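Dear colleague,

I am passing on the structure below, followed by notes on what was found in it. Please read the notes with the coordinates open beside them.

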Amino acid sequence: MVSGIELVIVIDQSTPMEILLSKFVDALQDSSPMLERRNVNVGLITFSDSIEGCQIFSHRFNGRDFTEKPMKVVARLREIEFNAPGSETTPSLEALMMTRSMNWPSSTNPRIIMLITDSTPRINADDIGRTNSCLESVNVDGLIIVTDTKSSLVRDQYLVLLKPERRPDLMYDINASEFKAFRQIYSMGLETVYYDPFEEER
């Protein structure tokens, strides 16, 4: 059984995400005691493509990229300001690549990145390839994507990032009535729990 888990939440803060983000923050708050018992260290990156330009911000907690207190992330997310989108795409891939510059707390605990957005990524040249290379260099053990799975335009842009060799790589519907991803994270490394690493909610 693993001793802890490193989780980076990469989340879209554009205005259309306001209601969905509120639902996500409520789910994170409800799951915080469970995640803290599981020794989950949480990092946070927010991004948007606003009328003022591309904005990506890596948040710090008491001078560190990660916190062992998920409620600190909840508090930070409840304070963020939403930005009116400047285009129909979002710099989600650039935000994912920013995880490479973070100071991860452990080199042995599983590393999970959770991307949350309802917009297609802004893609230039070989951004998909560069994003995959970045995730490999970070030694990510699992990528969880929470997006609009009902829209093939959005869904298919992110499906290419999921890799069968990583466990777990998952995609969840951002409009689902229940947010199940935190239970998935909690189960990692628990010998008595079985999960399907490619459960996809449509």
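A search of the whole structure for disulfides (a pair of cysteine sulfur atoms within 2.5 Å) finds zero. Please note that this is a predicted model, in which local features need pLDDT of at least 70 and side-chain atom pairs count only at pLDDT 80 or more, while totals for chains, interfaces and linings use all residues. Residues are numbered from 1 along each chain as its sequence is written, and side-chain values use heavy atoms, with hydrogens and water left out.

On burial (buried is under 20% relative accessible area, exposed over 50%, partly exposed in between, with a 1.4 Å probe and protein chains only), C134 counts as buried because its relative accessibility is 0%, whereas C54, at 37%, counts as partly exposed. Of the 202 residues in the protein, 54% are buried.

The secondary structure comes to six helices and nine strands, taken as DSSP runs (H or I, at least four residues, for helices; E, at least two, for strands) and numbered from the N terminus. In helix α2 (residues 70-79), the buried residues are P70, V73, V74 and L77; seen down the axis of α2, they fall within an arc of 105° (taken from the directions from the helix axis to the C-beta atoms), so they line one face of the helix.

Strand β9 (residues 170-173) is covered on both faces, with L170 and Y172 buried on one side and M171 and D173 buried on the other. Strand β8 (residues 142-147) runs parallel to β9 and is joined to it by four bridges (pairing requires that DSSP finds at least two), with T147 standing opposite D173.

Best regards
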